[in-house]
Amino acid sequence: MKIDASLYTHRALNDLLRSRTDETSVENCLGLRFIGSGLSHGTVLIDGVPGNALGAYLDGAKIIVNGNAQDAVGDTMNKGEIIIRGNVGDAAGYAMRGGEIYVEKNAGYRVGIHMKAYKNNRPALIIGGRAGSFLGEYQAGGFIIVLGLNDDGMPIVGNFPCTGMHGGKMFLRSDCRDVFFPEQVTARPAGAEDMAEIKPYLEKFCDAFHYNPSFIENAPFTVVTPDTQNPYKQMYVAN
Amino acid sequence: MLQKEGQVRIPSGCAIAAVISKTGEKIGGEKIVAGIRTMHERSNGLGGGFAGYGIYPDYKDFYALHVFYDDNGARTDCENALKDLFEIVKAENIPTRKNPAIKDAPLIWRYFVAPLPSRVAAMQIDEREFVARAVTRINSTFRGAYIFSSGKNTGTFKAVGFPEEVADFYRLEDYAGYSWTAHGRYPTNTPGWWGGAHPFSLLDWSVVHNGEISSYDTNRRFIEMFGYKCHLKTDTEVITYIFDYLVRRQGMTLREASSVVAAPFWTTIARKPEEEQRELTYIRNMFSGLLITGPFSIVLGFSGGLLALNDRLKLRSMVVAEKGNTTYIASEEAAIRAMEPDLDSIRSPMGGEPVIVTVNKGVLEDGN
C-alpha cells in the first residue's frame, strides 16, 4: 500500500500504520514528525525526508528511509529496526534500550547518548560514516559502532566521545590516535572476541547498504569500555 | 491589556530558514515562505518574521526605516524627531492585507531617509553610527514608537502570528531580493509582542535565532556599556548588537566575531596550533562578556551575505545545502527540500563553525 504523507497529520498516519499488517510505502514525506512512533509490527518504507523523532519508542516494527532523516531518530526505542540510506541528524538512538539502527552515512551530535541495556535487550547503533561530538555520552549499555567510511576527510568522531560512559561498548573503525577519550574509559584495539560480538551487525550493515565486507578487514577497530578501575564518580550526584 | 516584552515571563523552540543567491539573482519572498511553512510545528503562533536584502533597489541609497506605532500621536512625535535628523524622501504605510490570524496590528510605516549632512558633521561620527544612535534614541525614549528595521536596501517584516500568516499579512510575495531570512517563534521567556518577533535588526544587520541564551544578562551588561539599549528583554536583540559592535565598531571579521560568541572550549583551544591558540585565547579573554552560552542556532543577515552559526555544543539543529549558486540554511532539512527538492549537497555544520556565504564580488552595485 502506498500513502502520500502530505495528506496526513502525524496522528492520522500513525493510526493508519498501526492498522496495517504488511508493508506500507510512505511517499512524498516532507518533515512529518513522529512517524511510526511506538509501532510494534509491519514494515514502513519512507521516501522523502521524515521529520524529527522518527520511530520514537519503536516497539518491533521495521522502518526503512530512502534518504536522510532528521533529529532524534529512534528516541527511546525498545525493539525493531530502523535503516537510513543517508545521514541522520542529532541525538539518533537517544536512550534506546533495544532494537537496531543502521545509518549508511554520517550522524550528527549527541548520537547514542544514554543508550542502555536491559536483560536480553541490547540495543545497537551502527553508523557507516562519521559521528559528531558527544557520541555515546552517558552510554550505559548496548553497542555503538562507527565505521568511518565517509570520504570528506573529517574525523570519525567529534569532541568529547564517551563522556560519562558507564556501560556497553563502543567500536570505532580507526586506530583512534587523534581521538581524545576521557580518563574514565578504556580504549584498546579490538580483539577477535570483540569482533565476533559485532559480526552480525556488520553483516547486516553490508547487506542493507550493499557493501563488500572486505572493508572490515582493512582497518583496525578500537573498542571503548568503561574503566572499571576508575569509574565515573559523582559527576553530578553521589552514586 | 496587551503585555509587552519584559512584563511577564513565559517558561517553555523556534524555526529559522534562509536563502541567498551568490550571483545576486532576485528570489521572490514566496520562496522563503515555502521553507519556513514546513516547520510550522516549531512555532506556536506568537511571532513570525522575515528579512529581505536587495528588496528596495529604487531607494537603495536611502536607509529604510520600518516603524511600529501605537497610535497617530506617537507617529507625529516620532516623525518630528526624524525630520530633525533626516531628509525623508518617502513616507508611506507598509502595504498589508487582512489576515484573520493577525490581530492587534500597530500602525506600520516605512520611511526612506538620508541623514542630514550638517547633523552628521556636527556630531563628528560616520553616517552609520549616526543612524544607529538615532534608532537607539527613538526606541528607548519615544513612547509608542519602535523602529524595527533601519538598513539600506533591506527590510524586516514581522508580527505576532505564524510565519506564513505574517508573510501573507505583509504581502511578502510582492518583494524580491538576493537573500532572505525567516523565523517562526515559540517564545520561551516573553509574551510575544510585535517588536519581539524576529528578525532583530539594526542598520543592515538582522538576526533570526532558535534557542535560549543563558548568558543574556552578562551580554546585555557588557554591550550596554557601548551605547546599545536592550529594549525588549529578549535574548536575540543582544546578538544583533554584539555583531554590530564587534564587526562595525571593532572592525573584526565575521569569523573572528563568531569565535567571540561561540568560543571553543579551553580544551579544544589547547589542541590547536600555537598561533591559533594565541589568537583564540586573546579573543576569549578580551571579550569574555560577549561569549554566548546556552543553545542557539542563528542566521545573521547583512548587506551582501549571510552568516549561520550554532552554539559550540550544537544544542540546536541546523543544516546548510547548496544548489548551483544558491545556498540554503534551515533548522530542518525538510524546509530546505521544500525550497529546493534537488540539492547538490547538504551538511550539518559543527557547533561553533561559522558558515559565511557572500554574494560574488561585483554583483551588487555599491556593495549593497
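How many bridges join strand β3 (residues 43-49) of chain A to strand β4 (residues 59-66) of chain A, and in which direction do the two run? Here are some notes to read beside the structure.

1. The answer is 5 bridges, and the two strands run parallel. Within this pairing, A:I46 has A:V65 in β4(A) as its bridge partner. Strands here are DSSP runs of E with at least two residues, helices are runs of H or I with at least four residues, and both are numbered from the N terminus. Two strands pair if DSSP finds at least two bridges between them.

2. A word on the basis: this is a predicted model, in which local features need pLDDT of at least 70 and side-chain atom pairs count only at pLDDT 80 or more, while totals for chains, interfaces and linings use all residues. Residues are numbered from 1 along each chain as its sequence is written, chains are lettered from A and ligands numbered from 1 in the order in which they are written, and side-chain values use heavy atoms, with hydrogens and water left out.

3. Have a look at A:N14 in helix α1 of chain A. A:N14 is buried, at 4% relative accessible area; buried means under 20%, exposed over 50%, and partly exposed in between (1.4 Å probe, protein chains only). Its side chain reaches the backbone nitrogen of A:G36 at 2.7 Å. Beyond residues up to four places away in sequence, A:N14 touches A:F34, A:I35, A:G36 and A:S37, where contact means heavy atoms within 4.5 Å. A:F34 sits in the loop between β2 and β3 of chain A and has a positive phi of about 60 degrees although it is not a glycine.

4. On charges, the structure holds 38 salt bridges over all chains, each a side-chain nitrogen of Lys or Arg within 4 Å of a carboxyl oxygen of Asp or Glu. One of them joins A:D194 and A:K169 (3.1 Å, N to O). Because A:D194 lies in helix α2 and A:K169 in strand β9 of chain A, the pair ties together parts that are 25 residues apart in sequence. A:D194 is buried at 7%, and A:K169 also counts as buried, at 16%. Elsewhere, a network of salt bridges links A:R33, B:E41, B:R42 and B:E332.

5. B:E164, in helix α5 (residues 163-169) of chain B, is worth checking. B:E164 is buried yet has no salt bridge, and the nearest side chain of opposite charge, B:R37, is 5.6 Å away. Lys and Arg count as positive and Asp and Glu as negative, with His and the chain ends not counted. The side chain of B:E164 does make a polar contact with that of B:H40, at 2.6 Å. Such a contact is a pair of N or O atoms within 3.5 Å; within protein, one must be able to donate a hydrogen and the other to accept it, and residues adjacent in sequence count only if both atoms are side-chain atoms.
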